[in-house]
Amino acid sequence: MKRRINKVAVIGSGIMGSGIACHFANIGVEVLLLDIIPRELNEKELKKGLTLEDKEVRNRLVNESLQTALKSKPSPIYHKDFANRITTGNMDDDISRVSEVDWIIEVVVERLDIKQQVFEKLEKYRKKGTLITSNTSGIPIQQMNEGRSDDFKQHFCGTHFFNPPRYLKLFEIIPGPDTKKEVLEFLQKYGEKFLGKKTVVAKDTPAFIGNRIGIFSIMSLFHMVKDMDMSIEEVDKLTGPVIGRQKSATFRTVDVVGLDTLVHVANGLHKGVPNDEAHDLFALPDFIQTMMDNKWYGSKSGQGFYKKIKNEDGSSTIKSLDLETMEYRDQQKASFATLEQTKSIDNVADRFEVLINGKDKAGEFYRKNFSALFAYVSNRIPEISDELYKIDDGVKAGFGWEHGPFQIWDAIGVKKAVEMMKVEDKKPAAWVNEMLENGIDSFYTVKDGNTYYYDLQKKDYTKIPGQDSFIILDNIRKSKEVFSNSGVVVENIGDGILNVEFRSKMNAIGGDVLDGINKAIDMAEKDYQGLVVANNGKNFSVGANIGMIFMMAVEQEYEELNMAIKYFQDTMMRMRYSSIPTVAAPHSMTLGGGCELSLHADKVVAAAETYIGLVEFGVGVIPGGGGSKEMTVRAADTYEKDDVELNRLREHFLTIGMAKVSTSAHEAYDLNILQKGKDIVVVNQELQLTIAKKHALLMAENGYTKPIQRTDIKVLGKQALGAFLVGTDQMNAGKYISDHDKKIANKLAYVMAGGDLSEPQMVSEQYLLDLEREAFLSLTGERKTLERLQHMLKKGKPLRN
């Protein structure tokens, strides 16, 4: 029988329960969210004369929890309307409704006795064959299903989401002793395809995989920071983006997550793994115990390792905790000579060897830190996993590391790292030395575009399962390259489809990237069937090359700048008007020029986590790569459906004028940046390129014909221009916008109105592009614009254009 999930029940509406409910709603599943009933009335209910029998009271806890989640930042929901897919109720009145669902997920407090009581209650109403899982973070699965029926046990396992469920990709599945194989296989596939997760099957051991390694890493740092006399700023400097981890690094991340949450897991490990060689590291250092005693949990309590102080003038200052005095002080800037040596190394994996060779405190820190980590993870096999790649997957997806421990070890060199460990008095597991003795000197290798891992059982490499549905650019770049320059690599991804992969810094779009796009289109039109623009970068593209624009503007090389902007426009138009189908696959930050490229593709296959928008106003210009033109076109295409033409144009004008950026791909439909019926959203970013390729191929096989450039775009002329100019005057008079912002807005108004035409008429795309380019060029000569450009350059940011 083919199992389908149309409706789920989530039992427990706390932070995790509501987050999980929201994520199922994100993917279109109907959700029943249940929690307990209150034991007493609150003050508001007493004033309204309500009783404990009123539904409003009985559902108060679940409704308040869900609303708190929906108001939180970042949002757990892709689009506000998706919350309508969640129905709330309580465990007394609505428990029988679990008979209607396909999957029941328990997310109540982490107490075995309470979980067992909940399961006993659920089993009375659960229909046979229904999946039932627990979001436990460490309670043994076998203990939870004691006393339950055979059918319950066969369809029961742990499904551990990481918080927040929308954003952290790890989905650990922990089978019980009686879990059916088909249930396990289904959850693996469902987690990957529908929930967009990195699914990892874990053994039923304390804290499973992600938390076992992640919490060890943090606790190891807590002990090391005092031993090495380091400040929290120094540790955060060393454990952030420089090694491919979150900007919040270690201590800021703990503040956000909550120190109490981390300590709960650490205490559980200290109790649950008495024979672990690193058992003592799970004991709380004195400074952590002091913070717990003081309830300095982080953001939730107003202070943790960092504390925001309100000044008398209304401004805020962030203070840091001094771990010696346990008092807050001004932040101290951390700098290390070793880190300076990595500034020119864009690829994070290439930095590790430099970092461990540092002669300063940073180098010493990395040698100690990585030695302890490598020893620990090698000794966890086969305890927590038989396969080493699962440990890497768990830490990367659960803690946001760019590279897992074994990948970092490979980047340094296995043999070299073992020598480093000896100096630090750390020993790898015996199997590592055995591997090296057998002539195998890395944990991973790539063959024919697939990644293989060292299999301890076989004592040889084994292909990581599940790769056949992915196109992994890192694995095929060298073997499938058909063209490259300093900004792009063009790869043949099979079946007659080429992919343009941006490789510039931050995937900024400059002349080399534009050259690469044009070259790829030339090649595709001659010898291939279609083109995809996709990459595996942290962001799809954050905009155009600010340095080029700034230098041309400062030198007043307006002819060259005009040609550069026209080249950008022409390249975007080639994306739209070539003889082969083009598909853009944006993800994460897709701003300015990255957005403009997406606007001009035949189809967009966007990752759900795509934050896309035209943000050029922030640097004092309008979108100059076809974005202003395209939003005018898209507004005009709605006129027949809506008689209030000016209102529709105003909406598109404000999208640019307010530099609106969607907080998900689904929100981009509201901005008309993505278009329903044409563009699609993919939840699992690892599948995005494969799906984009399929759509390019489908368009080609269905008989793609080069579109005819449009000359039928209705512009409103003076009618719109006058209204917009009145609006900018009022905004300026009310001091909502500056004089310079008013000037930018008026330039945009001129373009989107089609100029000062006396009456509405039809124009061509090229007509609008010429107006757009003229307005862009005139603004680059403004002093305020140059100041903004220079400011962004100093901050090392590309122009988001």
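## Asp94 and its surroundings

The side chain of Asp94 comes to 2.8 Å from the backbone nitrogen of Asn90, a polar contact (a pair of N or O atoms within 3.5 Å; within protein, one must be able to donate a hydrogen and the other to accept it, and residues adjacent in sequence count only if both atoms are side-chain atoms). This is a predicted model, where local features need pLDDT of at least 70 and side-chain atom pairs count only at pLDDT 80 or more, while totals for chains, interfaces and linings use all residues. Residues are numbered from 1 along each chain as its sequence is written, and side-chain values use heavy atoms, with hydrogens and water left out.

You will find Asp94 in the loop between strand S3 (86-90) and strand S4 (103-106); strands (E, at least two residues) and helices (H or I, at least four) are DSSP runs numbered from the N terminus. Asp94 counts as buried because its relative accessible area is 13% (buried is under 20%, exposed over 50%, partly exposed in between, with a 1.4 Å probe and protein chains only). Beyond its neighbours within four places in sequence, Asp94 is in contact (heavy atoms within 4.5 Å) with Leu32, Leu34, Asn59 and Gly89.

## Asn379, a partly exposed loop residue

Asn379 sits in the loop between helix H16 (361-378) and helix H17 (388-399). With a relative accessibility of 29%, Asn379 is partly exposed. Setting aside neighbours within four places in sequence, Asn379 touches Glu277, Lys427 and Ala429.

## The nonpolar cores

A nonpolar core here is a set of buried Ala, Val, Leu, Ile, Met, Phe, Trp, Tyr and Cys residues joined through side-chain atoms within 4.5 Å. The largest one has 112 residues, and Phe406, Trp431 and Phe443 are among those with the most contacts inside it. H16 gives the largest share of this core, ten residues.

Phe406 is in contact with residues including Val377, Ile381, Leu388, Trp431 and Phe443, leaving aside neighbours within four places in sequence.

## Where H24 meets H32

Helix H24 (residues 558-576) packs with helix H32 (residues 765-780) at an angle of about 145°, their axes 10 Å apart. Axes are lines fitted to C-alpha atoms, for helices over the stretch in contact, and angles run from 0 to 180 degrees between N-to-C directions.

Residues of H24 in this contact include Leu561, Ile565 and Met573, meeting residues of H32 that include Leu769, Phe776 and Leu777.
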